[in-house]
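Welcome! Take a moment to look it over, and then we can go through it topic by topic.

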Amino acid sequence: MFLRTAIAALFAACLVQAGPAQAQGAQAGQCPGNPNALGIARTVEIDTTGGPGFGFEQYKMHDFLLMKEVVFTFDDGPWPNNTRAVLAALAAHCTKATFFPIGKHALWHPEILKEVGAAGHTIGGHTWSHANLAKLKGDKATEEIEKGFSAVKIALGAPPTPFFRFPFLQDKGNLEYLGARNIAVFSHDLDSFDFKARTADTVMSTVMTKLERKGKGIILLHDFQQATAAAMPGLLNELKAKGYKVVHMKAKAPLATLAQWDDAAKKEIKSAGVGPDRPTSSVVRTVEEPAAPQPTAAKGPAAAVPVKK
Ligand SMILES: [Zn+2]
């Protein structure tokens with residue numbers, strides 16, 4: 001930890017820079033169909049060398065946000081319906097976030113994770129199976145971290161960003177490993193407690209109340225949660241109305257996953273019987289359903305299958 005702190009201090013001065021993409025964010029009036037879009041106020045590039053920590057809940061080294069600036073982070077996806085609802089809400093505001101997917105979920109729903117990547121969001125890692133790493137011994141914690149990142153890489157078809165969030169924020173015993181792997185660690189400044197919330201209103205009021213008090217922050221949300229998905233359109237509108245600005249985080253360089261763990265993640269796909277190159281729509285398709293009021297026959301491969309009239 002001491003060594004890590006020393007290394008991190010060395011890089012503190014040049015750690016977070018406003019990237020060249022700073023001016024590319026949507027400005028007012030530049031987001032199609034939404035004159036009141038949040039857009040992106042600025043994009044920052046993070047040098048993850050030495051594994052710097054962010055989010056004042058746990059790590060108080062680097063405070064890079066100005067007053068009224070927020071960073072959105074979403075954990076535990078990708079998940080059907082909810083992740084896509086979050087993506088749609090962010091797209092409607094032409095704004096961007098950082099996602100911390102679970103490795104298993106990434107391999108279950110690679111097509112959804114690819115949509116997250118295609119929309120330009122930043123994608124890090126959140127372990128293979130959402131284990132509490134503080135309770136694991138030795139190599140088991142390493143496996144959770146690395147197999148999680150490898151699963152994201154396989155599902156996404158591209159290297160993940162070296163950004164990591166500990167499940168339950170339990171970082172005990174594993175910070176030095178992440179530092180040696182040059183993976184940045186993200187806690188939060190502001191917890192939405194959306195995993196306890198049952199309604200969109202609860203999520204929104206929790207976030208807005210805390211934000212009004214702190215004035216800025218990295219916000220912890222879950223695209224896994226239905227209430228969060230439902231809250232996002234209203235939350236984004238409210239943030240815009242109150243004058244908040246969105247900062248998008250990127251890494252200076254992508255993460256090089258390790259071949260050993262890429263192989264381990266691939267084995268998990270085989271045992272599941274469905275690969276990331278085979279989206280559900282190509283594995284399961286509707287060949288029979290109650291006749292729709294359309295007289296023309298279906299074209300393409302489906303036409304070869306007898307359809308019940
Ligand atoms: Zn989580």
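How are the donor residues of the zinc ion spaced in sequence? They follow the pattern D-x49-H-x3-H. Please keep in mind that this is a predicted model.

**The zinc site**

- Three residues coordinate the zinc ion: Asp76 through OD, and His126 and His130 each through NE2. The distances run from 2.0 to 2.2 Å.
- Asp76 belongs to the loop between strand S4 (69-75) and helix H2 (82-92), while His130 belongs to the loop between strand S6 (122-123) and helix H5 (139-156), so this pair ties together parts that are 54 residues apart in sequence.
- Is Asp76 buried or exposed? Asp76 counts as buried because its relative accessibility is 11%, which is under the 20% cut-off.

**Strands side by side**

- Strand S2 (residues 42-46) and strand S11 (residues 245-251) run parallel and are joined by five bridges.
- Within this pairing, Val44 has Met249 of S11 as its bridge partner.
- S11 also pairs with S4, again in the parallel sense, over two bridges. Here Val70 stands opposite Val246 in S11.

**Aromatic rings**

- How many aromatic pairs does a search of the whole structure find? The search finds eleven.
- One of them is the pair of Phe72 and Phe74, which is stacked, with 6.5 Å centre to centre and 25 degrees between the planes.
- Phe72 counts as buried because its relative accessibility is 0%, and Phe74 is likewise buried at 0%.
- Phe193 and Phe195 form a tilted pair, with 5.9 Å centre to centre and 50 degrees between the planes.
- Phe193 is partly exposed, with a relative accessible area of 36%, and Phe195 is also partly exposed, at 43% relative accessibility.
- Which residues form one aromatic cluster? They are Phe54, Phe64, Phe100, Phe163 and Phe186.

**A charge over a ring**

- Lys68 places its charged end over the ring of Tyr244, at 4.2 Å from the ring centre.

Definitions and conventions:
Residues are numbered from 1 along each chain as its sequence is written. This is a predicted model: local features need pLDDT of at least 70, side-chain atom pairs count only at pLDDT 80 or more; totals for chains, interfaces and linings use all residues. Side-chain values use heavy atoms; hydrogens and water are left out. Donors are N, O and S atoms within 2.8 Å of the metal (3.2 Å for Na, K and Ca); water is not among the atoms, so sites may look incomplete. Helices (H or I, at least four residues) and strands (E, at least two) are DSSP runs, numbered from the N terminus. Buried means under 20% relative accessible area, exposed over 50%, partly exposed in between (1.4 Å probe, protein chains only). Two strands pair if DSSP finds at least two bridges between them. Rings of Phe, Tyr and Trp (its six-membered ring) pair if their centres lie within 6.5 Å; planes under 30 degrees apart count as stacked, over 60 as edge-to-face and the rest as tilted. A charge sits over a ring if NZ of Lys or CZ of Arg is within 6 Å of the ring centre and within 35 degrees of the ring normal.
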